[in-house]
Amino acid sequence: MGKALFITGTGTDIGKTYVTGLIVKKLRDAGLNGGYYKAALSGAVLDEKGVLQPGDALHVNAVAGIGESIPQLVSYIYQEAVSPHLAAKLNDEPIDFGRVERDYHRAKDKYEYLTMEGSGGIICPLRWDEKQHVILDDLVKHLNLGVLIVADAGLGTINSAVLTIEHLRAREIPVRGIIFNNYIPHDIMQDDNAKMIEAMTGVKVLAYVKKGDKELDMKVEVLKGLYE
Ligand SMILES: Nc1ncnc2c1ncn2[C@@H]1O[C@H](COP(=O)(O)OP(=O)(O)O)[C@@H](O)[C@H]1O
Ligand SMILES: [Mg+2]
C-alpha cells in the first residue's frame with residue numbers, strides 16, 4: 001500500500017489542480033509511481049459525444065503523464081459548477097462514501113505516492129440531505145490524511161491561509177505545509193505574506209509557484225516526506 005497526501009486550497013480556483021499537476025509530475029520525473037485521485041468533481045464539461053469530461057483529473061493525468069483512466073481518477077463527476085452537495089442534489093446522485101473509500105484505497109494500493117485533490121476549500125459540503133451531512137474535512141479525517149494547502153501568494157492570503165490552518169488544527173488534521181501559487185519573486189507584500197503566515201502558525205511555505213511554471217521548485221526528498 002502506498003502513501004498519500006491531501007491537497008486543499010484556501011478557496012476554489014486557487015490553483016490546487018495546477019499545483020497538483022506539478023507535484024505529481026515531479027514525483028514521476030524522479031522515477032516514483034505517483035498517482036491522482038479526486039472524490040467529487042463539479043463543473044465538468046460535456047464533450048461532443050455527450051460524455052462529462054473531468055477537467056482537473058484530465059489536466060493532472062496529462063501534465064504528469066500518469067496514463068490512468070477516468071473512473072480510477074474521479075469517483076463522482078457533475079456538470080454543474082456548484083458545490084458537490086448541490087450538484088449531487090440537482091442530479092439525484094448523492095455521494096456514497098463507501099464507494100469513495102473503496103476507490104481511494106484502490107488508488108492507494110496501485111500508486112506509491114497518491115495525491116488526492118479536494119473540491120473547493122476545506123469547508124466544502126459533499127453531502128447534505130436527510131440521510132447524511134458530510135463536509136470535506138470529515139472525509140479527510142476519516143481517511144486519515146495529512147494536508148498540504150495551496151494558497152494564492154497575493155493580497156488576502158494571510159486571512160484565508162491562517163483560517164484554513166486553524167480550522168484543520170481544530171479538527172486535529174495534520175497540516176504538512178503551504179505552497180504559494182501565482183508568486184511574484186521579490187514582491188515585498190508576497191514575501192511578507194509568507195513570513196507572517198509562518199510566524200502566526202508555525203507552518204512553512206515549502207514552495208513558490210509562479211504563473212506558467214512547468215516544474216515545481218522543491219527537492220523531491222522534501223516532497224516525498226509529506227506523504228504518509
Ligand atoms: N501558476 C499558474 N500558472 C498559470 N495558470 C494557473 C496557475 N495556477 C492556476 N492557474 C490557472 O487558474 C485556473 C484555476 O486553477 P485550478 O488549478 O484549476 O484551481 P483549483 O483546482 O483550486 O480550483 C486554471 O485555469 C489554471 O490553469
Ligand atoms: Mg481543481
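Which residues lie nearest the centre of the largest pocket? The views below are of a predicted model, in which local features need pLDDT of at least 70, side-chain atom pairs count only at pLDDT 80 or more, and totals for chains, interfaces and linings use all residues. Residues are numbered from 1 along each chain as its sequence is written, and side-chain values use heavy atoms, with hydrogens and water left out.

**View 1. The largest pocket holds about 450 Å³ of space.** Thr12, Asp13, Lys38, Ser42 and Gly120 lie nearest the centre, within a lining of 21 residues. A pocket is an open set of points on a 1 Å grid over the protein atoms alone, where a 1.4 Å probe fits, with protein on both sides within 12 Å along at least five of seven lines; lining residues have an atom within 4 Å of a point. Helix 1 (16-29), strand 2 (34-41) and helix 2 (55-63) each supply at least two lining residues; helices (H or I, at least four residues) and strands (E, at least two) are DSSP runs.

**View 2. Met116, Leu139 and Ile178 touch the most other members of the largest nonpolar core, which has 53 residues.** Strand 2 contributes the largest share of this core, five residues. Such a core joins buried (under 20% relative accessible area, 1.4 Å probe, protein chains only) Ala, Val, Leu, Ile, Met, Phe, Trp, Tyr and Cys residues through side-chain atoms within 4.5 Å. A second, separate core of 19 residues includes Val19, Ile23, Leu148 and Leu216.

**View 3. Methionine 116 has contacts (heavy atoms within 4.5 Å) beyond its neighbours within four places in sequence.** Among its partners are Leu5, Phe6, Tyr37, Tyr104 and Leu145.

Notes. Chains lettered and ligands numbered in written order. Points joined across faces, edges and corners; volume = space filled by probe spheres on them. Buried < 20%, exposed > 50% of the residue type's maximum accessible area, 1.4 Å probe, protein only.
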